[in-house]
Amino acid sequence: RIERNRQRARQLRASRLTKPYPERQKGASEVTERTAVLELVDSGGGFMLEAEEEEYNVVKKVVCDPPPIICNQPVCLECKKTFGVSYLFTQFQFAVCDSCRDPERHSLIARTDAKKEFLLKDCDFDGREPNLPYILRRNPHSRFGEMRLYLKLQVKRRSIEVWGSEENIEEEKEQKEEARQERKQKKIDKQVKELRKSVLTSTWRKDTGPHQHTYSDEIYNEEEDSWTRTCSSCGFSMTYEKM
C-alpha cells in the first residue's frame, strides 16, 4: 500500500511539471492590468465615468477675500487710524485694524461658554438687534458638528446691556452658585439619610416567634383567695388559685 501511494504521488508530480499553468492568450495580461488601474466614478447622471474624466467635471468652490474699502474707511478704535481691510472688521464688524489686533484682548469664545460665563440666553444672541456676528469652525468635541465663535468683547457688551452692569452679573453669578451649593448639599443629605436607613434596616431583625411572657411577682387577693401576676412587656395578667 505504501508503495502504491508513492507511485501515485510521482505520477501527479510529473503531470504538474509537464503543464504547470494554463496557456494565456496574447494581450490578456495587458487588458487585466489596464482594467485594474482604471477606477469608475458615479457621475450622478445614470452612467459611470473614469476617475480621470471625472476630475474635469468637478467645480471647485473658490472663496475670495472682500475687496479693500476705498471710500469712507473705518477708523481703528485702538490707534485712531483709518484702514481698508481688517479681519475683525470683515468677520465681526469690529473696527480694529490688523496691526492693533491682540490675540488675548480680541479673543474668541464659543457660544456655550459665552452663555455660561456671561449668563446669556439664545435670544440674547439672535433675538436682540443687532444680532451678534459669528464665524463657524469645526467642533473639536464632535465629529460632524460645527461651533459658533463670537468676539468676546462684543459678548461682554451684550451681557452689560442685558444685566445693566458688571456688578449685577457678578451678583447673579453668586446667587446661582449659592443655589447650586444648596442643591448639592440637599442631594448629599438625602444620600446620607438613605444610607443610614439602609444600614438600620439591614441590622434590625423583627422577632416573628411566639411571645414569651415575663411575669412580675405574684400578688395575693385575700377577699377572693386568688393570686395574680402580670407580664411586664405586654401587660397580660393571669389570675389563679393555689391548692
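Colleague: What percentage of the 243 residues in the chain is buried?

Modeller: First, the ground rules. This is a predicted model, where local features need pLDDT of at least 70 and side-chain atom pairs count only at pLDDT 80 or more, while totals for chains, interfaces and linings use all residues. Residues are numbered from 1 along each chain as its sequence is written, and side-chain values use heavy atoms, with hydrogens and water left out. Buried means under 20% relative accessible area, exposed over 50%, partly exposed in between (1.4 Å probe, protein chains only). Here, buried residues make up 15% of the chain.

Colleague: How many helices and strands does the chain have?

Modeller: Both are DSSP runs, numbered from the N terminus: helices are H or I, at least four residues; strands are E, at least two. This chain has eight helices and eight strands.

Colleague: Which residues of helix 5 are buried?

Modeller: Helix 5 spans residues 111-118, and Arg111, Ala114 and Phe118 are buried there. Seen down the helix axis, they fall within an arc of 55° (taken from the directions from the axis to the C-beta atoms), so they line one face. Thr112 and Lys116 are exposed on the face turned away from the buried side.

Colleague: What covers the buried residues of helix 5?

Modeller: Look for contacts, meaning heavy atoms within 4.5 Å. The cover includes strand 3 (108-110), helix 6 (122-126), strand 5 (146-151) and helix 7 (152-163).

Colleague: What follows helix 5?

Modeller: Leu119 does, and its phi is positive, near 55°.
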